[in-house]
Amino acid sequence: MRPIVVFSLLILAASFSLCGQDTDRDLLTNAHPEPEYGEAIPFRKVPGTKGSLALEIVDQRLYALEDSGLSIYDLSDPKQPERLGHVGGMGNVRQLAVRGKTAFLTSRQCGLWAVDVSDETAPRILSNFDAVEMATGLDVAGDVAFIGNRVYGIQCVDVSDPSNMKHISSYRTDESQSAYFGNGLLFSGDWAKGEVTVIDVSDLSQPKALSHIQLDGYGDGMAMRGNILFASTGQHKKSGPEEERHGAGHGLDIFDVSDPLHPVKLSKLSFPNYYFGPCDFWTPRLSGDYCIASDTVNGLFLVDIADLKQPRILGNLVLPKADPENPGVKVPYKQITDPDIPQGDAVASIVVGDGVLYIAGNFTGIYLAELPGIARPEARDFGTLPTLPEQPFSGEEEGFHSSGAELSNPTRGVAVHGDIAYTANVWDGVKIYRLSEDGVEQIGHIDVEYAADVSRSGDQLYVAEGQNGLAVYQIESPTVLKEIGRLPVLEKGALNFVQFVWAFEGRDVVAATCAHTRTTLVDFGDPAAPRVAASFSGPQLLYGAYTSPRLAKGRYLAQPRHVGGLMVFDLDKEPMEQIWFDKFPLSSQTGGATVVKDRIFLNRGGGYAWFDPENPVATAELPIHKFPGQDILPEDVKDDSAISRSMFPKTEWEGLPDYDPESGKLALLNRIFKIVYIFDFSDPDHPVLLKTIHLDSNPYAPTFWKGRVVLPGGYSGLLLEK
């Protein structure tokens with residue numbers, strides 16, 4: 001029989017099976033009606049499940065990321081999963097890998113978690129590892145986890161001891177959303193760049209790219225069988241007339257990677273043309289002669305891949321717009337709830353079971369479709385497993401004194417008070433160092449459960465403490481700090497995981513974010529009873545420490561946003577207010593702001609610009625200046641469209657800046673490219689480049705001590721310029 005006829009019979013059999021087991025109302029049939037997308041695949045919801053982001057099956061157990069944590073289901077009856085246990089509290093969970101008795105899961109700003117699943121009824125958290133940036137993609141092969149950290153690329157992590165995971169190295173790719181290890185190579189699905197980067201990880205201490213596979217859409221999830229790579233794509237098309245690319249990048253690309261230096265494209269399939277930004281994930285899974293490709297709000301597609309050069313779509317399904325069990329739980333976007341479109345809840349993940357396909361609905365729960373004869377689990381062939389390097393990451397950085405490598409708890413923030421530096425070291429709390437001409441010496445420690453960032457005003461130290469909120473400590477002596485206040489919840493109804501904090505000399509108001517969309521101004525005038533003075537949200541995310549560490553004219557706070565525009569707040573207003581917002585993108589994803597002699601210094605279009613909050617000028621009209629030492633400026637984006645934002649040039653000449661009024665120096669730290677520039681800006685109109693230092697780690701926002709740059713050096717510890 002022709003494959004399409006066989007598939008029709010299987011769908012019919014599945015429908016009878018489902019209807020015999022459940023009532024007709026439980027069986028869902030929703031699909032794209034166009035004939036090129038095949039027949040509608042019936043499916044139903046797994047009762048009691050919640051919005052899920054990732055699925056995996058190991059030994060008749062279904063593992064699911066749901067409810068900010070990990071659930072385990074018994075699949076003794078594949079058609080009736082039963083939940084055995086759950087552990088939560090892990091935040092913005094994203095991707096999942098189960099190896100042996102340990103489940104590893106990425107959680108964006110919450111890093112990489114390791115969970116002991118030996119007791120399926122009571123899984124327990126073993127440890128958390130703070131990744132370079134937004135831990136998104138994930139694969140685990142042997143003793144190594146590979147994390148896709150978006151624009152920061154791939155990070156290699158030693159997970160031989162899941163209770164004490166350690167940094168090995170990182171390698172920049174354009175925007176890693178997913179990672180896949182196979183045949184001794186690592187493949188990174190790079191999002192807006194629309195490519196798969198093939199990486200040689202035979203020496204984990206020095207990964208290197210072998211080739212870049214060009215996709216016909218934005219990149220993300222992958223699967224492999226032998227030397228054949230299946231790459232799902234989404235969002236905007238990369239080829240054809242520019243006016244026809246918007247939303248047309250959804251599909252499946254198939255490549256032969258027998259020669260990783262020269263991959264060969266075998267074929268391409270296209271899925272419905274549709275643009276929806278908030279849910280950016282798409283993934284293929286293999287089952288015999290079939291590939292099941294999930295495509296976010298477009299649902300999923302069953303593809304016949306018996307002939308790799310001529311794949312054919314046999315069927316599809318689209319998840320509902322609301323939870324069938326609880327219609328009040330729905331996709332929270334008006335665009336998707338539109339009854340005139342077929343798109344529904346985003347398919348965040350899929351996994352192949354025994355005759356059953358399990359589907360993760362981002363908002364509405366887990367679903368299953370019976371596909372007897374089609375859904376057959378395949379054992380994963382990793383090929384040669386990666387080998388841990390003989391020497392761990394050293395933490396030594398040219399041109400800097402280092403406090404020593406911090407492989408498990410990187411140094412994320414630093415606040416200087418006289419000759420004393422206080423650092424945020426994640427699960428190792430706050431460390432205290434003495435700075436001197438000879439380097440840095442640890443002299444103390446504050447036992448804080450979690451410290452993501454620190455900032456100082458006067459003799460008060462503010463600490464961003466993740467799920468424990470925002471705290472303030474009185475500095476009674478260099479090594480004695482006393483907690484005098486705490487705001488336990490910074491963002492109600494959202495991810496309360498405080499990541500960045502900015503305090504300003506002479507001010508009781510501090511700014512803080514959860515690395516999400518909102519900036520909160522907190523009044524600590526009465527430390528024992530801090531209050532939210534104002535809160536502002538914007539259209540672009542706050543993934544990094546983009547906010548200016550200084551105020552212009554003692555009152556204006558500047559905040560660039562992730563590939564976005566500029567917000568300015570006036571702290572002297574009552575109530576404090578946002579006085580400026582321009583959504584035209586300033587820089588890519590590592591640019592920030594500071595204040596130089598009462599002028600706001602901004603990264604702008606690959607160079608820099610000046611902004612006067614009392615005489616504001618639209619971003620598109622701000623003159624762009626080249627940095628001293630910079631040869632050319634990249635072409636500026638033409639507008640603030642989604643395509644323009646995604647293609648904003650990522651240059652080495654942007655970063656997190658800080659200015660030292662005493663020495664006239666300005667430090668610019670590019671976390672993505674691992675570079676720090678040191679300029680003389682004592683004459684702001686005629687700056688001079690003093691130093692360019694290349695680093696091995698990804699430090700955070702710089703500051704100064706006696707005219708020397710101080711860096712929270714991430715896995716390299718605390719760094720003081722020599």
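Guide: This is a predicted model, in which local features need pLDDT of at least 70, side-chain atom pairs count only at pLDDT 80 or more, and totals for chains, interfaces and linings use all residues. Residues are numbered from 1 along each chain as its sequence is written, and side-chain values use heavy atoms, with hydrogens and water left out.

Visitor: How many bridges join strand β32 to strand β33?

Guide: Strands here are DSSP runs of E with at least two residues, helices are runs of H or I with at least four, and both are numbered from the N terminus. Two strands pair if DSSP finds at least two bridges between them. Strand β32 (residues 420-424) and strand β33 (residues 430-436) run antiparallel, and the bridges that join them number five.

Visitor: Which residue in β33 stands opposite Ala421?

Guide: The two strands, β32 and β33, run antiparallel. Opposite Ala421 stands, in β33, Tyr433.

Visitor: Which are the edge strands of the open sheet of four strands?

Guide: The sheet has the order β31-β32-β33-β34, with antiparallel pairing. An edge strand pairs on one side only, which holds for β31 (413-417) and β34 (439-446).

Visitor: What is the radius of gyration of the protein?

Guide: The protein has three helices and 55 strands. The radius is taken over C-alpha atoms, and the globule rule is 2.2 Å times the number of residues to the power 0.38. For 722 residues the rule gives 27 Å, and the protein's value is close to that, so the protein is as compact as a globular protein of that length, with a radius of gyration of 26 Å.
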